[in-house]
Amino acid sequence: MNGGVIRILILKDWRLHRVQVLLSLAAGGVALALLQLRDEAAFLIGSVWLFVSLIVLGSMLPVSNVINERKKQSLAFIMSIPVSAVQYAVSKIISTVGMFLVPWAVSALAATILALSRRDIPNGIIPFILILFGLPLVGFCVVAGAALITDSEGWTIAATIVCNSSYGLIYYFLVRNPAINGTFKSPVPVWSAAVLTILAGEVLAAGLILGITFYLQSRKREFV
Amino acid sequence: MSDLAIELAGVGKKYPYFALDNIHLEVPQGQIMGLIGPNGAGKSTTIRIVMGLVQQDHGEVRVLGRSMPAEQIAAKWDIGFASEDMRLYEGMTLAWHMNFIRSIYAKWDAPYAQLLLKRFGLRAEQKIKGLSHGQRVKATLLLVLARRPRLLVLDEPTTGLDPVARHEILRELTAVMTDEGRSILFSSHNTQDVEQISDQITFIDRGRIIDSMDKEAYLDRWRRLRLEVPFGIALPALPGVIGIRQNGRLAVATANAFAPDMANAYESSGARVQAIETMTLEEIFVANVERSREEVEA
């Protein structure tokens, strides 16, 4: 599978976008620091900031890592090396998803640990936190898929707008769902069928979108 | 093993407003093939098919004995490809790009890369966005040449370059060919460049190859005959003469298969041959394209 070249391409993408990833981690760190403060306003700002930093990263990464490579005409340079269109797609999916997953996982883990460590926050909120973290993950997969499949900045921006405008709506329905909000104040996390279904749905949606993206990308007959 | 570096047989590719039609092209190993055509002729599409970047609708493509695009990975280890619209990563330095390519190609020739840096007047630590167009082209070629590829595929490498930069690049390409195992396919609409370094030439227009052969033999076949035609004399239609333009008593016949007895034939008809002139590749190119278009439209 020419793994050596794919690995080099992934490392190249990481090197090119390390500032974005580090900035996102730094923004997440600041948000978590705000969450540590026992102040309602700081908690609210921190929690919003934490998600915004992931949403911004999830919107920007596909554009800078996929669209700009084509737009700035560097794709021909990459395709001149011994790599096929399928392998290029594999490297792009792995690098883009990986660069998002690191800050995403760090933020999700830190938020969960924070909820567990603070006595004033009931642990029953943890399943809801994880569901919320699943939203930017799915949104990122939609935007990345749009970027890879269409190679179009316009379609990628359209996908970003649709995703970003749906987060608030989904949040609205989640917090009003008794199957979800009924366990918020529980002293222990409650992994109800509703919670597990939503979490499984998010994971499945992310996997399905990436799978479809890979399938369609591998069938392209023209690359540059 | 085939002695052809590139072999295209019956290759076609259809787009909504353009079609590459039944392309047959052979580039022997150790030769420089210049692919000449006007803008939109199909040069870049042909080259992208050769590189496996675009898949042909029909026909066979073999590059260094590998079937394209199926075996493009194996083929690309020995191909250096650069195109006029290829860009490096603007925010990174040339040194970063050199390290990147070196990490892929075991054959990377570091001393040669350093030599090219000096010859091209480039600084490795400079970011790509700070380079001029000519320097960017040279940087791209450095990255291609230092891989020591068996085949160079270059799409309009000299477009937009000043005469000095063009000369430097053409000189380097010629130097590459001191190794007889190497081959080059390069496209251009600058016939001077092609005439300067090519062994073989291929003319392409509107998606069709209209001529392909050895450059010297080709140039030798074409002549322009300046004739004085007295009133009442009709010039004979000679085989090998593709066009006659007459203005009063003066006529110019263009031959694509010149033979010395053509002059005798015109003299016998009552015309006087004032001069027999060789033609530049550009003149031949224009005449060939015009004839091809007239044939298609007829």
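This is a predicted model: local features need pLDDT of at least 70, side-chain atom pairs count only at pLDDT 80 or more; totals for chains, interfaces and linings use all residues.

Visitor: Where does H1 of chain A show up on the chain B side?
Guide: Look at H3(B). Its buried residues pack against H1 of chain A, and also against helix H4 (110–120) and helix H5 (133–145) of chain B.

Visitor: Which residues of that chain B helix are buried?
Guide: In helix H3 (residues 94–104) of chain B, they are B:Leu94, B:Met98, B:Phe100 and B:Ile101. Seen down the axis of H3(B), they fall within an arc of 160°, so they line one face of the helix.

Visitor: Switching topics: what's in the largest nonpolar core?
Guide: That core has 120 residues. Among those with the most contacts inside it are A:Val143, B:Ile6 and B:Val50. Helix H5 (residues 126–150) of chain A gives the largest share, 15 residues.

Visitor: And where does the core lie relative to the domains of chain B?
Guide: Between them: domain 1 (4–218) and domain 2 (223–278) of chain B both give residues to this core, so it lies between the two. The centres of those two domains, taken over C-alpha atoms, are separated by 40 Å.

Visitor: Back to A:Val143. What does it touch?
Guide: Leaving aside residues up to four places away in sequence, A:Val143 touches A:Gly58, A:Ser59, A:Pro62, A:Thr156, A:Ala159, A:Thr160 and A:Cys163.

Visitor: You also mentioned B:Ile6. What's its bridge partner in S2(B)?
Guide: B:Val27 is the partner. Strand S1 (residues 4–15) and strand S2 (residues 18–28) of chain B run antiparallel, joined by eight bridges. A hairpin of two residues links S1(B) to S2(B).

Visitor: What order do the strands of that sheet have?
Guide: The order is S2-S1-S4-S5 in chain B, an open sheet of four strands with antiparallel pairing. S2 and strand S5 (66–67) of chain B are the edge strands, and each pairs on one side only.

Visitor: How many bridges join S4 to S5 in chain B?
Guide: Two bridges join strand S4 (residues 58–63) of chain B to S5(B). In that pairing, B:Arg62 has B:Ser67 as its bridge partner.

Visitor: Last topic, S13 in chain B. Which strands pair with it?
Guide: Strand S11 (residues 223–228) of chain B pairs with strand S13 (residues 250–255) of chain B in the antiparallel sense, over six bridges. There, B:Arg224 stands opposite B:Thr254. Strand S12 (residues 241–247) of chain B also pairs with S13(B) in the antiparallel sense over six bridges, and B:Gln246 stands opposite B:Ala251.

Visitor: Which residue takes a positive phi in the S12(B) and S13(B) hairpin?
Guide: B:Gly248 does, with a phi near 65°, in a hairpin that has two residues between the strands.

Note on methods: Residues are numbered from 1 along each chain as its sequence is written. Chains are lettered from A and ligands numbered from 1 in the order in which they are written. Two strands pair if DSSP finds at least two bridges between them. Domain bounds come from an automatic or database domain assignment. A residue is buried if 20 or more other C-beta atoms lie within 10 Å of its own, exposed if 12 or fewer, and partly exposed in between; C-beta atoms are placed from the backbone. The arc is that of the directions from the helix axis to the C-beta atoms. Two residues are in contact if their C-beta atoms, placed from the backbone, lie within 7 Å. A nonpolar core is a set of buried Ala, Val, Leu, Ile, Met, Phe, Trp, Tyr and Cys residues joined through C-beta atoms within 7 Å.
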